[in-house]
Amino acid sequence: MQLVTSLSLISILVQDQDAALEFYTDIMGLEKCLDITYAPGLRLVTVAPRRQRKPQLALAKPGIYHDEAWMQDVLRRMDPRNPWMFATNNCGETYEKLIARGVHFLQAPTRQLYGIEARFTDPDENMFALLEPFPEARSLCLARCIGTAA
């Protein structure tokens with residue numbers, strides 16, 4: 001029996017869901033997937049790259065269940081060295097387009113062992129990376145993801 005069937009949501013903390021939605025759709029080019037208000041202060045907003053259904057980013061605003069102290073504690077414990085990664089076919093070109101749109105980069109495209117990577121933050125200081133994996137890393141990941149030998 002398979003216990004877990006898929007990874008469906010990755011929550012990131014944002015101060016303003018509307019502003020975050022605008023950043024991820026208008027600037028990053030992602031697509032709004034869900035926008036549901038369950039009750040005052042309880043809204044589920046998700047985005048994902050076009051044609052990708054899972055996982056989605058949940059733009060989570062601490063609300064009725066969390067106070068400012070809780071949010072500050074979470075932010076202190078986050079490790080900025082391990083960002084979420086967005087895949088891209090051309091890191092340099094994507095970097096230039098996002099710079100022109102006002103995205104704040106912490107690291108320009110840099111050659112790593114596994115590909116070309118650039119790191120940036122969103123307006124709420126969540127860290128992300130753009131990754132253009134080298135062909136050998138891409139094929140290894142695909143082989144492992146579908147369960148075949150590389």
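Which residues of helix H3 (residues 91-100) are buried? In this predicted model they are Cys91, Tyr95 and Leu98, where buried stands for under 20% relative accessible area, exposed for over 50% and partly exposed for the range in between, with a 1.4 Å probe and protein chains only. These residues cover an arc of only 70° around the axis, which places them on the same side of H3; the arc is taken from the directions that lead from the helix axis to the C-beta atoms. An α-helix has 3.6 residues a turn, so residues three or four places apart point the same way.

Residues are numbered from 1 along each chain as its sequence is written. Because the model is predicted, local features need pLDDT of at least 70 and side-chain atom pairs count only at pLDDT 80 or more, while totals for chains, interfaces and linings use all residues; side-chain values rest on heavy atoms, with hydrogens and water left out.

The protein chain contains 4 helices and 8 strands, both taken as DSSP runs numbered from the N terminus (helices: H or I, at least four residues; strands: E, at least two). Read from the N terminus, the order of elements is β-α-β-β-β-α-β-α-β-β-β-α. Of the 150 residues of the protein chain, 31% count as buried. Its accessible surface amounts to about 9900 Å², and 55% of this belongs to carbon and sulfur atoms; the areas come from the Shrake-Rupley method with a 1.4 Å probe, and for residues only the protein chains shown count as cover. Among contacts (heavy atoms within 4.5 Å) with a separation of 6 or more, 48% are between residues 24 or more positions apart.

Within this chain, 4 strands make up an open sheet of mixed pairing, in the order S5-S8-S7-S6. Its edge strands, S5 (84-87) and S6, each pair on one side only, pairing being assigned where DSSP finds at least two bridges between two strands. Neighbouring strands of the sheet are turned by 20° against each other on average, direction ignored. Strands S7 and S8 run antiparallel and are joined by 7 bridges; Thr121 has Met127 in S8 as its bridge partner.

Helix H3 lies across S6, S7 and S8 and runs at about 165° to S6. Here axes are lines fitted to C-alpha atoms, for helices over the stretch in contact, and angles run from 0 to 180 degrees between N-to-C directions. The buried residues of H3 pack against helix H1 (17-27) as well as strands S6 (104-111), S7 (115-121) and S8 (127-133). At the start of H3, a side-chain oxygen of Asn90 comes to within 3.3 Å of the backbone nitrogen of Gly92. After H3 comes Gly102, with a positive phi near 95°.

Between strand S3 (42-48) and strand S4 (56-60), the loop holds Pro55, and the peptide bond from Lys54 to Pro55 is cis, with omega near -10°. Arg51 sits in the loop between S3 and S4 and has a positive phi of about 70° although it is not a glycine; Arg51 is exposed, with a relative accessible area of 77%. Glu125 is exposed, at a relative accessible area of 67%.

Conventions: Polar contact = N/O pair within 3.5 Å; in protein donor to acceptor, adjacent residues only side chain to side chain.
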